[in-house]
Amino acid sequence: MANKKKTNFIIIGSLAVVIAGGIGIGSYYGRTSDTIQGAAGLNNLKDANNNAANSGKKVITLKTDTKLNCSSTPWVIAEKKGFFAEEGLEVKYTGELKTEQKLPAILNGTNDIGATLPNALATYIAGGAKVKAVTLGEVDPPDSVDPKFRHMRYVTSEKFAGKTLKEYVESKKGAKITVSGTAPNCSTFIFNEIFRNAGLDPNQIQYVAFESDTAAIQAVQQGNLDIAGIHPPFYKLANDSKLTVLADSHDTGLGAASGASVYYFTDKFIQENPEAVQRFVNAIKKAQDWINHNTDESIKLTAEYIGQPVNATHYYFTDKGLPTDLFQPWIDDLVQSGTLKKDEVKIDDIVTTQFSS
């Protein structure tokens, strides 16, 4: 087994908080702003008050960090299409945070809702953070859905056009392959699993941190990086740059699990505010369903929002229930990479099905 990797922690009260690089899903898109609400947020607050008054509910305010990346789509749609308002929710965006700031902001109460990946969440919990996922965000789409909605693609120089991933790896003759990504996140998990599924050794991969998918694409073009792991809003940019697609998240063989992301709250918040959590789950799943059935408008709104030309958004979870088995491959990868010990974190430690009706 690989040597146990060192994890860095900070102490907040009695909690040990993981601050290893790469945690979360926000940093790799790279753009800053103060808020995503504006006039739409003010209008939705009025709608939330009206809906709450009509239903006899009290308006509930939830806080989260400002999201200026392609993961923002459900939040934008929930605001603009009134799904938060229908549930009597006012969502306040408290400003954009660096990746390493997001978990502490949840734990100290600055924000209520976090969004991350199953492997990052597992490391939070292994570090002592009392948080749990309440529902899924993104998932990899079924085969019947256009491949442009798959969670990730891995692209390389156009000189490798027509080569398979195995042929590409063989051309390296055992040398390390540099790939954009910082563990634990989706780019590292997915590419590790693609390698394993193809009978290749993930130890040949050397991950390199980049601030954005755009920066990784540029590094490949300049010959400073072998492979860039990119997300749907940047597929068009990679295609226009004539880069070669070597693999995508479907090649893990894991189905929906390969694209999984989660929304989470602290255990304390869940215990004290179950109605607020349920309203959020209801609203965000409505938004995600709307996105999957209205892709063109979702693409347009996402492109406007992140300021990048895009040809796809992510694909989102909309089913009833909560398939917790999707989390296991993410935990297994952490064990295989030496980040966690076997059974150090289990599925029940990271997710609750309380709100998954």
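This is a predicted model: local features need pLDDT of at least 70, side-chain atom pairs count only at pLDDT 80 or more; totals for chains, interfaces and linings use all residues.

Q: Is the peptide bond from Ala183 to Pro184 cis or trans?
A: That bond is cis, and its omega is near -5°.

Q: Where does Lys173 lie?
A: Lys173 is in the loop between α6 (165-171) and β8.

Q: And does Lys173 count as buried or exposed?
A: Exposed, because its relative accessibility is 78% and the cut-off for exposed is over 50%.

Q: What about Asp343, what's phi doing there?
A: Asp343 isn't a glycine either, yet its phi is positive, about 65°. You'll find Asp343 in the loop between α13 (328-336) and α14 (347-350).

Q: Switching to rings. How many aromatic pairs does the structure hold?
A: There are 13 aromatic pairs. One to look at is Tyr154 with Phe191: the ring centres are 4.4 Å apart and the planes sit at 25°, so this pair is stacked.

Q: Why stacked, at that angle between the planes?
A: Because planes under 30 degrees apart count as stacked, and the Tyr154 and Phe191 planes are at 25°.

Q: Which parts does the Tyr154 and Phe191 pair tie together?
A: Tyr154 is in strand β7 (residues 153-156), while Phe191 is in helix α7 (residues 186-197), so the pair joins parts that are 37 residues apart in sequence.

Q: Are Tyr154 and Phe191 buried or exposed?
A: Both Tyr154 and Phe191 are buried.

Q: What sort of pair do Phe160 and Tyr168 make?
A: An edge-to-face one, with 4.7 Å from centre to centre and 75° between the planes. Phe160 and Tyr168 are both buried too.

Q: Which residues do ring pairs link into a cluster?
A: The cluster is made up of Trp75, Phe84, Tyr93, Tyr263, Phe265, Phe269 and Phe280.

Q: What sits over the ring of Trp75?
A: The charged end of Lys67 does, 4.6 Å from the ring centre. Trp75 is one of the residues in that ring cluster.

Q: And Arg153, which residue's face does Arg153 lie over?
A: Arg153 lies over the face of Tyr235, with 4.1 Å to the ring centre.

Conventions: Residues are numbered from 1 along each chain as its sequence is written. Side-chain values use heavy atoms; hydrogens and water are left out. Rings of Phe, Tyr and Trp (its six-membered ring) pair if their centres lie within 6.5 Å; planes under 30 degrees apart count as stacked, over 60 as edge-to-face and the rest as tilted. Helices (H or I, at least four residues) and strands (E, at least two) are DSSP runs, numbered from the N terminus. Buried means under 20% relative accessible area, exposed over 50%, partly exposed in between (1.4 Å probe, protein chains only). A charge sits over a ring if NZ of Lys or CZ of Arg is within 6 Å of the ring centre and within 35 degrees of the ring normal.
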